[in-house]
Amino acid sequence: MSDDFDLLETNSNQSQEKVDVNWGKAIDTMKSKLAQEDDPEVRQKILNATLDDVVHMAEKDRSTLLDAIKDLTDYQDEVGIIFEDFSHLNAEEQKVIDDAIKRLERARVELEDAEGKPDTWWNNLWGRKSKIKEAEQELQNAQKDRDAADNKAKALFQQRIESADVQTLLSELSFKSQAAVSRLKNREMEIKEVEDKLQDAIVEATKNHTKALEKKKEVEAKLEEQYALLKQARQELEEIADKQSAEYAQAVGKVTELEQKVEELEGLKNAYTTLAASKDSFVHKHNLTIKVLTSLRSNLQTHRAKLKSDTEERLKYYDGYVVALKARTDQEFAAILEHLGVKTDEHIGETLAAMHTASAKARQEMMDNIPVHEKVMQGVYSSYAEALQEIREKDMDIQKNFAERYGIDMKEIFEDYYKADAKESVEVETTKPAKKTNEGNDDLLS
C-alpha cells in the first residue's frame, strides 16, 4: 500500500462474494428416522430366524434405503446440490438432461449466428430481424426446458427407485457417497481459499491499524500546534481594546480560522482512533474466523477420508449382502424344488401302484370272462351250423330246379363245397374254435 493512501477512503470496487449457507430440516429428518431403527427384539429375531423371516427383514432394509434415498434427493435440492451430479441416473433419465442441454446450446449458437449477420437492408430484406426474434424465442423456450429437465429426470428417477430392488438402492447409495466425497473435497478447497483471503485481510488490517495510529500521532502533533496558536490568538484578541476596530475584526477571523482547523484535526483524530480500533477488532475477528474455518476444514477432511475409505469397503460389503440375498433365494428355490420333487415322487408312486393293481384286476377279470366267452362262442357256432344247414338244403332245391328246367346237372358244381353231410359239418365247425383258443393261449405264454 502506498504511503499517500488515505485510510478514511473506501474501495467500492471490491466485490463481495455471497457465502452459500443452507439450513434445511431434511438432514434432521433422516437422522431421526435412522434413530428409530433400534429394535430391542433383534436378538430374538436372530435366534429364531427362518428363511421366511429373512424376506421380511430384507424388505425392511429396502424400505429404509428407499426412504433414505428419497430424503437425500430432497436434501440435495435444499443445499443446492446439482441433481444429475449427485444421483446415479440411467440412460433414459440422463437423456432428458442431455437433450435439454444440447437444445439450449444449439439455441445460443443459432441466436449468435442470427445476430452476427450485418444489419444491412439486404439482410433485413431476407428476414434478419425475424430470424433474430425467432432465435430469441427458441432460446427462452430452451432455457425453460433446461430448467425443467432436472425435475423431469428427478421424477423418472423417483419412479424407478420406487420399485427398485435392494441391489439398485445400494448402488445408488454408494454413488451418492462417492459424489459426496468429491463435494467435500471441493468444499475443503473453497474453505482454504477463504482462509487465504482472511490471512491477507489480517495482514492488510494490521497494516491499516498501524497506519491509522501513525496518522493519529501526526494529527495529534498538528493539533497541539494549532492549540498553541489558538491560545495565542485568543490572548491577542483580548488585548485589543477597540472592539470596533479593523484590527479586532482580523483577530476574530484568525481565532475562527484556528478553531476550524482545531475542529477538523479533532475530527481526524477521532476518525483515525476509531479506524485503528476497528482494524484491530477485525484482526481478531478474522483470526477467529480462520480458526473456525480451519477446524471445519479439518473435520471435513476427516469425514471425506473416512467416507471415501468406508465407501470402498462398503461396496464389497454390499456385494456380500446382495449375494447372500441371492443365495437365500436360491436356497428357497432349491427347497421348493425338493418339495415338488418329493410330491412328484409320491404322485408317480401312487400312479404306478394304481396301475399295477388295475392291471392285476384286469387280468383277473379277463380270466373270469374266459368261460363266459366260450359259452357265448358255443352259441354263436351252433347258430352258424344251423344257418349253414338251411343253406345246404336250399342249395339242393336250387340244383334240382336247375336240372329240371335247363337240363344242367348242378351236383358237380356244388359237391366240391358240400362233401360232408350237415351233421359232420356242424361237428367240425364247433370243434375248430376250441383248438385255436388253446393254440392262442400257448402263443401268449411263450
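## A charge over a ring

In this predicted model, Lys285 sits over the face of Phe282, 4.6 Å from the ring centre. A charge counts as over a ring if NZ of Lys or CZ of Arg is within 6 Å of the ring centre and within 35 degrees of the ring normal. Aromatic pairs number zero; to pair, rings of Phe, Tyr and Trp (its six-membered ring) need centres within 6.5 Å.

## Basis of the values

Residues are numbered from 1 along each chain as its sequence is written. Local features need pLDDT of at least 70 and side-chain atom pairs pLDDT 80 or more, while totals for chains, interfaces and linings use all residues; side-chain values use heavy atoms, without hydrogens and water.

## Overall make-up

The protein chain has eleven helices and zero strands. Helices (H or I, at least four residues) and strands (E, at least two) are DSSP runs, numbered from the N terminus.

Of the 446 residues in the protein chain, 22% are buried, meaning under 20% relative accessible area; exposed is over 50% and partly exposed lies in between (1.4 Å probe, protein chains only). The chain exposes about 32600 Å², with 54% of it supplied by carbon and sulfur atoms; the areas come from the Shrake-Rupley method with a 1.4 Å probe. Among contacts (heavy atoms within 4.5 Å) with a separation of 6 or more, 83% join residues 24 or more positions apart.

Glu59 belongs to helix H3, residues 51-78. Glu59 counts as partly exposed because its relative accessibility is 41%. Glu59 and Asp165 are 106 residues apart in sequence, yet 9.0 Å apart in space, C-alpha to C-alpha.

Helix H5 (residues 91-116) has 26 residues and spans 36 Å from its first C-alpha to its last, close to the expected 38 Å. That expectation is 1.5 Å times one less than the number of residues. Buried residues of H5 include Glu93, Val96, Ile97 and Leu104.

## Nonpolar cores

The largest nonpolar core has 19 residues, and those with the most contacts inside it include Leu65, Phe157 and Val166. H3, H5, helix H7 (128-162), helix H8 (166-239) and helix H9 (246-406) each supply at least two residues of this core. Such a core is a set of buried Ala, Val, Leu, Ile, Met, Phe, Trp, Tyr and Cys residues joined through side-chain atoms within 4.5 Å.

Leaving out residues up to four places away in sequence, Leu65 touches Val166, Leu169, Leu170 and Leu173.

Terms used: Rings of Phe, Tyr and Trp (its six-membered ring) pair if their centres lie within 6.5 Å; planes under 30 degrees apart count as stacked, over 60 as edge-to-face and the rest as tilted.
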